[in-house]
Amino acid sequence: MPATIEQIEEQVKKYIPDADLTGLDEAYALAVEAHEGQTRKSGEPFVKHPIEVCLILAELHLDTATLKAALLHDVVEDSRYDLAELRERFGDEVAELVDGVTKLGKIEFESLSEAQSQNLRKMLIAMAKDIRVILIKLADRLHNMRTLSALPAERRREKAVETMEIYAPLAHRLGISSIKWELEDLSFYYLEPRKFHQVQKMVAESRAAREAYLQQVIDQLQGELATIGVEAEISGRPKHLYSIYQKMSQKGKDFNEIYDLIALRVIVDSVKDCYGALGTVHSIWKPVPGRFKDYVAMPKFNMYQSLHTTVIGPAGRPLEIQIRTEEMHRTAEYGIAAHWRYKEGNRGDESFDERLAWLRQMLEWQTELKDPREFMEALKIDLFEDEVFVFTPKGDVRSMRRGSTPIDFAYAIHTEVGHHCVGAKVNGAIVPLGYELQMGDRVEILTNKNSWPSRDWLNIVKTSSARSKIRSYFSKASREDDLQRGRDELGKVMRKHGLGISSSAATRALQAVATEMNFQAADDLLAHIGGGKVSAKQVAGKLLKHMSADAGKPQPEPEPEVLPLTRPMTPPRSKRRKSGGGIKVKGIDDVLVRLARCCTPVPGDDIVGFVTRGRGVSVHRRDCSNAAELLKSPERILEVEWDRGTDSTYQVDIVIEAVDRTRLLQEVTSSLAEAGVNVLAAHAATDRDGISTMRFLIELGNMEQLTPLLREVRSIDGVFEAARTLPGEAHMQRKGKT
């Protein structure tokens, strides 16, 4: 039967007899007006949902402010009313509760792992502001689960999984067993319908015999307690199907071995009577060793108190008995809600903070707790066995696979952060890169732009994503080495025939050979030669045939050289080929010069020249990793310098990485314009983590402009990297807005 406002008010009067219900009536009237004409998936009027949510909370004995917020919790999201209007009509307290629930309701997820991480974070923030936001959200989820059949099958399963893994455990941590059990049973019904009905059938088939047996032991225990003057209310304990299924599947028990199928709950007046009743129970029936637990002297984390014992009852059947006071029973059913008592405008339970020590630790964490690991230990939300939640230096939470290391964390932040990782601080202290991240760690990655991955990292990382990115880096680096080695090997063979591979004829012939051998580009063929996968002699033979065939044909006019993006765009100064790319070789006038592809120097870079076999002088930046190796052969080194004798413009490719925000792109482009550079091309993309990558092709009058330009861009709020990139350098392509 659908809930009504009259039912809610009748329930409230049971625990707040003098409550002023005027505001509750006003909230109800506004909810009806706001949701007029709106229906749920089931076809029912939408307003029935907030009314049912409100009734669930009234049954938990929540204060009237929470009940008003429950009636209004969908108003801001689904109607013309905004938060300011609610604040004006119902006050700050109700408005803040509605705002908290609205924010939680907006969370949408693309995957369960993301949901686990983000939901945990959002819920903790909401709880830090007001625990009642979570109570409303739990009641909202409970009613949605009760009406889940109206959704398509796939959505039903998604909601059931989310409920089982997020909301039911949260209700358990708050001690609200009345909600926890129902959420679990409803999720069980949608996730495992066949098993649900099997357990339900077994419970139903044994009900008559079980109830007769329970009545027998109730009468016997009631009489014994009366003889020692202990007044007690004794009843059979409700049976929860998911709990029964868990014990059967996880503990390998037969249906008849589940102790709590036959269970008693004994409610007495005082703690003293709890222990008196326990003594009576053990005097009547023999206790089962190892099955006694005293949660009265040592309450559970969620305030639960009770004496648990299992005895061998009549006919040799195991019988589980729980003994508690009325107050303990209320706490067991309603958890934190049992202690959230209000008189109108005044909290009535002065022991609230003392009894919720674990919750107080969580509430104070936002402003006082230095070590986030202490917070997680205090809260003890062990919802996810295969994950750990760690914090970035800014306090954002990241879900990582259990066993992950700082290197995994670095690559999860950004590929370039991983590539340049040189160390890590965890909770302010330096740790080894192989350190295993723990729940609640605050992780800071230390980077160096001149450092690169080590192959040893492949034995350290635990995530497939990090391992893939490390392998990709070495694959790319290996290709560059193979490409240079292939050029050298093929050039060496061709020089034996008095030919090189740098002429336009040789370049055309090499591309033809590459196509003939099913390679897309000549560089691919050269890389295979350098990697030992293709014979240089075999390729040289094919190359000679093509060049011989071309020798008898009329040759086309030579095409102008296509310069890399970062080379100066200057007209030829003379017909005689001098140093290439605006470079002078000291002491030598007529020599072939090429810019090394591995670092592609531009005017202004500190450069060094190396004599190569058959290819003239190769010019590298001095900080190039390949140059470091070549410097070990001093006999091959030549002094080179930039030729600044002509006016030139230079095209440079730069990449900028930043935390995405409003007007970020506008500020970056304005900075470039103010620096007097011309933007020839631009591309921007933002990934799911909110990291924006912007790439610009700019034109400079001189290279001295570049360093101050990049420095100026890095000063923009949110920008953490601005650098020149190399032609052909691979950059992460992120999915996201562009």
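I began with strand β2 (residues 263–268), which I found running parallel to β6 and joined to it by 6 bridges; strands here, like helices, are DSSP runs numbered from the N terminus (E, at least two residues, for strands; H or I, at least four, for helices), and two strands count as paired if DSSP finds at least two bridges between them. Within this pairing I noted that Ala-263 has Glu-320 of β6 as its bridge partner.

Before going on I wrote down the terms of reading: this is a predicted model, in which local features need pLDDT of at least 70 and side-chain atom pairs count only at pLDDT 80 or more, while totals for chains, interfaces and linings use all residues. Residues are numbered from 1 along each chain as its sequence is written, and side-chain values use heavy atoms, with hydrogens and water left out.

I then turned to β5 (residues 307–312), which pairs with β6 in the antiparallel sense over 6 bridges, with Leu-307 opposite Ile-323. The hairpin of β5 and β6 has 5 residues between its strands, and there I found Ala-315 with a positive phi near 65°.

Next I looked up the nonpolar cores, each a set of buried Ala, Val, Leu, Ile, Met, Phe, Trp, Tyr and Cys residues joined through side-chain atoms within 4.5 Å. The largest has 73 residues, and Ile-8, Val-12 and Leu-57 are among those with the most contacts inside it. Helix α9 (residues 131–146) gives the most to this core, with 9 residues. Apart from it lies another core, of 25 residues, including Tyr-213, Leu-264, Val-311 and Leu-319.

In helix α23 (residues 504–516) I listed Ala-506, Ala-509, Leu-510, Val-513 and Ala-514 as buried. Seen down the axis of α23, the buried residues fall within an arc of 145° (taken from the directions from the helix axis to the C-beta atoms), so they line one face of the helix. After α23 comes Asn-518, with a positive phi near 70°.

Last, I checked Thr-280 in helix α15 (residues 271–284), which is buried at a relative accessible area of 7%. Leaving aside neighbours within four places in sequence, Thr-280 is in contact (heavy atoms within 4.5 Å) with Leu-221, Glu-224, Leu-225 and Ile-228.

Note on methods:
Buried means under 20% relative accessible area, exposed over 50%, partly exposed in between (1.4 Å probe, protein chains only).
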